[in-house]
Amino acid sequence: MVESEDTGTEELGTERVHRDIKSMVRKLSDNQWEIPIGHIPNMRVPGRLFVSENLLGGIDPDTIDQIANVATLPGIQKYSMAMPDAHLGYGFAIGGVAAFDAEEGVISPGGVGFDINCGVRLIRTNLQKEEVVPKIKTLVDELFKNVPSGVGSKSRFRASDRELDSAFLEGAKWAVEAGYGVKADVEHCEGNGCLEGADLSHVSTKARARGKPQIGTLGSGNHFLEVQYVDKIYDREAASAFGLEEGQVTVMVHCGSRGAGHQICTDHLKELSQAVKKYGIEIPDKQLACAPAQSREAQNYFKAMLCAANYAWANRQMITHWTRESFEKVFSRDADDMGMSLLYDVAHNVAKLEEHNIDGRKKEVYVHRKGATRAFPAGHPEVPAAYRDVGQPVLIPGSMGTPSFILCGAKEAMDVSFGSACHGAGRIMSRVQAKKEFQGQSIKDDLEAQGITVRATHPSVIAEEAPGVYKSSSEVVNVVHELGIARKVARVIPIGVAKG
DNA sequence: ATGTGC
């Protein structure tokens, strides 16, 4: 038997057997595919994958199995979903969305991810591309200097234990009150940058120790701080509500809860692995550790997860402050004067208690979004007043050399995807493979030639995040746009990137 | 993603 390096193969004894992705799914419409009950035993609901026919070919069969695995969990509603940027994750696929009945269902850390409240924020400026391009190298250097990045990086801010408590409990609100931003920043964060119910008693000493020196740090991997410009407007009315116009410079921040969230996830995974046995829940994969939503174990995780979510908002808020300071230094003007206001901040790794209409009935569910962005439509009370008539801003980062997109939550989202859309381009190559395939310096030179300045802690970071390791962000975004769950508003092009 | 392995 000929060995293949294709992803569509699996070990079967010594042979590798090709698994045809098309035979695993049933086409429902151009961008919707069903993974039928029976794909694996004990599925309670079908799976549903939102991809174009072209993107379907790039989905790993193991990712399909992960979507099906989630469909076996107690209390799952409607179907186990995955967005067009779906790929293999810990237990749940990244790009996965699953809602569980608040009484009969479960809560699972695998459905949130290790980087709790990894998310994206977009800061507007009133600067034009032409004003920023000549100074981009100085600006990227300044941002790189002011916002610590890289694995294990430490913040310029020395948090006391009390301040750490406040970051966990109050999120962006605390950071603003401590002088790192303005009140309007908080109003333009999902959930006002703070989820209620956070409880410090479920955050370990170890998680605190890791989190204490890291408030206001970028981290590593796909996290970045990027200077961009708006090159295309798709929806004039929405763009106007979002304060966006062609040629305008924006800044995008992508990062999460750093070591604190990682430790909280690790700690509670241990406890929930025990709980699975205690409550006799049958799971097809150990990585799907979970507990009944109302159990002590699940609620302890949930309350700790809320601490990590709030920490991540404080983190992005602090980074916003230093971003403003960096611009002030380079352009010798006030941040206010440069119109540096927050457009919005989304969480794309989080579980939330939400009310949804299911089969004509209103129901409380724990919506797990793991690499998926909330996308509430116009009129929803959770959408900030300034955007209420348009829909919630949905921020979709591309890779280093490719466009990012600003969308708005649209009507179909509530019926089709529990008010959710995609979260990014979606990785198609492992970090190890990327380092074999690409050289950091040559990728950096290529990007430079395209007018994109990159500054990273190490060239290998650039290789691992090379544009070629991601799907096309435009292709991914087109799927959610065509489905009517989020509508394209604007496209932004990178000119400068600071990375861990 | 992550003091990038137990």
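1. Ground rules. Residues are numbered from 1 along each chain as its sequence is written, and chains are lettered from A and ligands numbered from 1 in the order in which they are written. Because the model is predicted, local features need pLDDT of at least 70 and side-chain atom pairs count only at pLDDT 80 or more, while totals for chains, interfaces and linings use all residues; side-chain values use heavy atoms, with hydrogens and water left out.

2. Salt bridges overall. The count is 33 salt bridges, each defined as a side-chain nitrogen of Lys or Arg within 4 Å of a carboxyl oxygen of Asp or Glu. Side chains of opposite charge can pair when their charged atoms come close.

3. Asp101 and Lys363. These side chains form a salt bridge at 3.2 Å, N to O. Asp101 sits in strand S7 and Lys363 in strand S15, so the pair ties together parts 262 residues apart in sequence. Strands are DSSP runs of E with at least two residues, and helices are runs of H or I with at least four, numbered from the N terminus. Both Asp101 and Lys363 are buried; buried means under 20% relative accessible area, exposed over 50%, and partly exposed in between (1.4 Å probe, protein chains only). For Asp101 the value is 9%.

4. Helix H11. Do have a look at Asp345 and Arg316, whose side chains meet in a salt bridge of 3.0 Å, N to O. Asp345 is in strand S13 (residues 342-347) and Arg316 in helix H11, 29 residues apart, and both are buried. Arg296, also in helix H11 (residues 296-331), pairs with Glu271 at 4.0 Å, N to O. Here Arg296 is exposed at 52%, whereas Glu271 is partly exposed at 30%.

5. A negative patch. Glu103, Glu104, Glu355 and Glu364 gather on the surface in a patch of negative charge. Such patches take residues with over 30% relative accessible area and no salt bridge, joining like charges within 9 Å and nonpolar side chains (Val, Leu, Ile, Met, Phe, Trp, Tyr) within 5 Å. Glu364 belongs to strand S15 (residues 361-370) and is partly exposed at 39%.

6. Positive phi. Most residues other than glycine have a negative phi. Asn42 has a phi near 70 degrees and lies in the loop between strands S4 (32-35) and S5 (47-49); Asn42 is exposed at 59%. Asn192 has a positive phi of about 55 degrees, in the loop between helices H7 (183-187) and H8 (205-211), and is partly exposed at 43%.

How values were computed: Accessible areas come from the Shrake-Rupley method with a 1.4 Å probe; for residues, only the protein chains shown count as cover. Lys and Arg count as positive and Asp and Glu as negative; His and the chain ends are not counted. The place of a charge is taken as NZ of Lys, CZ of Arg, CG of Asp or CD of Glu.
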